Amino acid sequence: IENARLSEERVHTERLAAIGEATAGISHCMKNILVGIKGGGEFIDLGLGNSDLERVRKGWGLVRGASQRIEDLVMNLMSFSRESEPVLAPAGLESLVGEVVDVTRGRAEKSGVDLVCRYGDVGIVHVDSRAIFRVVLNLVGNAIDACEEEGGQVTIETRRDDDGCYVTVSDTGPGIAPEVRDRLFQAFVSTKGSSGTGLGLACSDRIVRAHGGEIWVDSAPGEGATFTVFLPDRKPEDARDDA
């Protein structure tokens with residue numbers, strides 16, 4: 001009885017600690033987003049008062065960026081907080097990656113980043129297309145952010161072997177310090193400082209694992225970073241058997 005009581009207390013303490021960590025992380029993200037909205041609003045007010053259209057544009061850019069970060073935060077929280085089986089269906093992996101490239105190309109060009117695609121003969125895969133799209137979009141977006149200050153190149157590759165298929169996203173950015181790299185897939189750990197939510201990679205890891213796959217990173221300071229997503233060959237009936 002005493003052991004059971006101690007075990008229950010430990011679980012309760014761990015749950016409270018997890019809730020506290022999550023609350024602190026979300027509060028920190030929201031605080032940074034609100035600072036962006038407030039700053040953008042001040043620029044807009046000044047621009048309207050002085051009929052300065054350029055200042056209004058700058059303020060609106062800040063507000064629009066903050067609204068996008070709110071959307072990303074909400075979507076990541078929804079993905080991270082619920083356990084759900086992926087809905088597997090046939091999909092073309094190259095087509096899915098191509099959609100991500102189309103979505104991010106304008107952002108890459110604005111940041112002086114070249115997007116390079118190298119498609120292997122992957123063919124049809126059975127995945128939850130919307131979920132894997134979010135994973136690849138997150139990785140490509142992070143890679144562009146890593147190269148944003150000095151420009152660079154982001155390379156997206158697909159390939160297949162006997163075990164399954166792979167999507168690799170590499171960048172020529174500053175790389176990731178070892179002490180951060182080992183914790184990258186934990187919630188609220190970010191290399192972006194105040195501009196990141198710290199949930200994107202944690203959600204991506206959960207989505208990939210729900211597919212029976214794995215995601216890992218190779219990086220060193222000053223040598224860029226390479227994220228690899230492995231997705232095993234699975235069909236809808238395999239997922240039902242696993243469940």
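1. The largest nonpolar core comprises 38 residues, and those with the most contacts inside it are Leu 115, Leu 139, Val 140, Val 154, Ile 156, Phe 227 and Val 229. Helix α4 (residues 129-147) gives the largest share of this core, 10 residues. Such a core is a set of buried Ala, Val, Leu, Ile, Met, Phe, Trp, Tyr and Cys residues joined through side-chain atoms within 4.5 Å, buried being under 20% relative accessible area (1.4 Å probe, protein chains only). Apart from it lies another core, of 5 residues, including Ala 66, Leu 73, Leu 199 and Cys 203.

2. The model is predicted: local features need pLDDT of at least 70, side-chain atom pairs count only at pLDDT 80 or more, and totals for chains, interfaces and linings use all residues. Residues are numbered from 1 along each chain as its sequence is written, and side-chain values use heavy atoms, with hydrogens and water left out.

3. An open sheet of 5 strands has the order β2-β4-β5-β7-β6, with mixed pairing. Strands (E, at least two residues) and helices (H or I, at least four) are DSSP runs numbered from the N terminus; two strands pair if DSSP finds at least two bridges between them. β2 (113-119) and β6 (214-219) are at the edges with a single partner strand each, so one side of each has no neighbour in the sheet.

4. β6 runs antiparallel to β7 (residues 225-232), joined by 6 bridges. Ser 219 has Ala 225 in β7 as its bridge partner.

5. α4 lies across β2, β4 (152-160), β5 (164-171), β6 and β7. Helix α6 (residues 200-210) packs on the sheet, touching β6 and β7, where contact means heavy atoms within 4.5 Å.

Definitions and conventions: Buried means under 20% relative accessible area, exposed over 50%, partly exposed in between (1.4 Å probe, protein chains only). Axes are lines fitted to C-alpha atoms, for helices over the stretch in contact, and angles run from 0 to 180 degrees between N-to-C directions.
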